[in-house]
Structures are given as structure tokens and as C-alpha cells.
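Here's a quick tour for anyone meeting this structure for the first time. Have a look at the sequence and the model, then read on.

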Amino acid sequence: MKALEERIRRDGILAEGDVLKVDCFLNHLMDVDLFHEMGMEFKRLFADKPINKILTIEASGIGIACVVAECFHVPVLFAKKAQSLNLSGDVYTTKVQSYTHGRVYDVMVSKRFIGPEDHVLIIDDFLANGCALKGLIELVQSAGATVEGIGICIEKGFQPGGKMIRDMGIRLESLAIVESMDPATGEIVFREQQNA
Ligand code: 5GP
């Protein structure tokens with residue numbers, strides 16, 4: 001999506017550890033007009049899918065997921081980071097390794113809000129190693145629901161998550177794929193995409 005690529009080029013900051021900072025429009029200060037454009041693009045890309053629920057993960061996915069959900073006219077469920085593991089059996093849980101913080105944490109969704117009748121589009125802001133997505137896919141599968149697809153704002157194509165998800169046979173659409181980024185020069189190269 002050209003508007004997103006241009007915004008990343010203009011406002012993105014290349015930080016330590018292969019981190020692309022886009023907190024001035026995506027995951028701290030949020031440009032909801034851009035979010036709406038992204039939402040409509042996901043709607044176009046997944047027009048053939050019977051999606052009735054959006055799933056994301058706390059916290060940075062929630063903003064974009066809500067705007068995408070508005071475009072699809074469906075509710076958003078977000079996986080919560082659990083403080084202590086709820087053993088009462090009324091939640092599905094899995095573990096996720098955080099890319100930006102390094103540590104592993106438990107995430108959960110209530111069994112009341114997802115079940116076999118659900119056709120889920122997973123939405124997140126970034127895709128790096130794919131740990132967050134792997135956790136979300138596990139939650140959907142535990143519930144007996146169907147992953148209809150995954151929509152990502154920014155995929156870092158030089159990290160392994162995208163290949164892992166596509167190799168699982170899951171439809172993955174990333175609105176911008178960063179092929180390479182060089183903190184020394186600030187140069188960012190995007191992958192050409194046919195569907196764009
Ligand atoms: P993964 O689980 O795919 O390794 O990482 C995805 C998660 O880590 C995303 O939900 C996002 O919050 C965070 N993340 C990964 N890479 C970046 C990055 O380059 N910049 C920012 N801002 N967040 C990232």
C-alpha cells in the first residue's frame with residue numbers, strides 16, 4: 001500500500017535490534033485516517049472471506065484492529081496478557097515471546113467470546129519472527145474456530161515470521177513489506193507486491 005510505504009519512509013525511525021519505530025502514526029500517536037485507509041485495503045484483500053470476528057493482541061494491535069473491524073462491521077476480540085494464569089477453564093491460553101521486550105508471557109481469551117462458529121481475521125501492527133501470530137493462531141485453533149486470514153500493517157520481510165505463516169498455508173496479507181533497512185543510511189527498501 002503506497003500511502004503506508006510513503007509514511008514509513010517519511011516518519012519511520014530505524015532503531016537498535018532491527019526495530020522500525022513508527023510510534024508517531026501507528027502504535028503510540030495513531031493516525032486514524034491512515035488506519036481507515038488500511039482497514040478498507042484489508043476489506044478489499046479479504047473480500048472473499050466470510051469474516052465475522054477480528055482477533056488481535058494487546059496492546060499495540062488494538063487501535064488498528066478496531067478500525068479494521070469497523071470496515072468489516074464485525075467485533076474485535078483482543079488477547080489479553082495475563083498477570084496470573086487463570087486455571088478455572090473458562091479461558092484459552094498460550095504463551096508468546098515478545099519481540100520488543102524479549103520476555104515470554106501468557107495471553108488469553110475468554111471461551112465466551114470465541115467458538116467453532118467463528119471465522120477470524122487476525123490483525124496486528126508488525127510481523128517479525130511470528131511469535132505473536134503463532135500464539136493467536138493457537139488460540140483460534142483451541143476454540144475450534146477458523147483462521148480465514150491474517151492482515152499485517154508492516155512485515156519485516158528479512159525476518160522469518162512471514163515465511164513461517166505462509167508455509168502453514170494461511171493467507172497472509174501485509175500492507176508494507178520491508179525487504180531491508182539500514183540504520184546507518186536510513187535507507188528502507190520495500191518488496192514489490194502484485195496485489196498492491
Ligand atoms: P513477532 O512476534 O512477529 O516476532 O513480533 C511482532 C510483535 O512485536 C508485534 O506485535 C509488535 O508489537 C512487535 N514488533 C516487532 N518488530 C517491531 C518493530 O520493528 N517495530 C515495532 N514498533 N514493533 C515491533
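## Cysteines

Cys 131 has 32% relative accessibility, so it counts as partly exposed; that label sits between buried (under 20% relative accessible area) and exposed (over 50%), with a 1.4 Å probe and protein chains only. Cys 66, at 42%, is partly exposed too.

## About the model

This is a predicted model, where local features need pLDDT of at least 70 and side-chain atom pairs count only at pLDDT 80 or more, while totals for chains, interfaces and linings use all residues. Residues are numbered from 1 along each chain as its sequence is written, and side-chain values use heavy atoms, leaving out hydrogens and water.

## The largest pocket

The lining of the largest pocket has 29 residues, and Ser 60, Tyr 99, Thr 100, Asp 125 and Phe 126 lie nearest its centre. Sorted by type, the lining has 14 nonpolar residues, eight polar and seven charged.

Which element gives the largest share of that lining? That's β7, with four residues. At least two residues each come from β2 (19-21), β5 (91-97), β7 (119-127) and α4 (131-142).

Conventions: 1 Å grid on protein atoms, 1.4 Å probe; cavity = no way out; pocket = protein on both sides within 12 Å on 5 of 7 lines; lining within 4 Å. Nonpolar A, V, L, I, M, F, W, Y, C, P; charged D, E, K, R; others polar.
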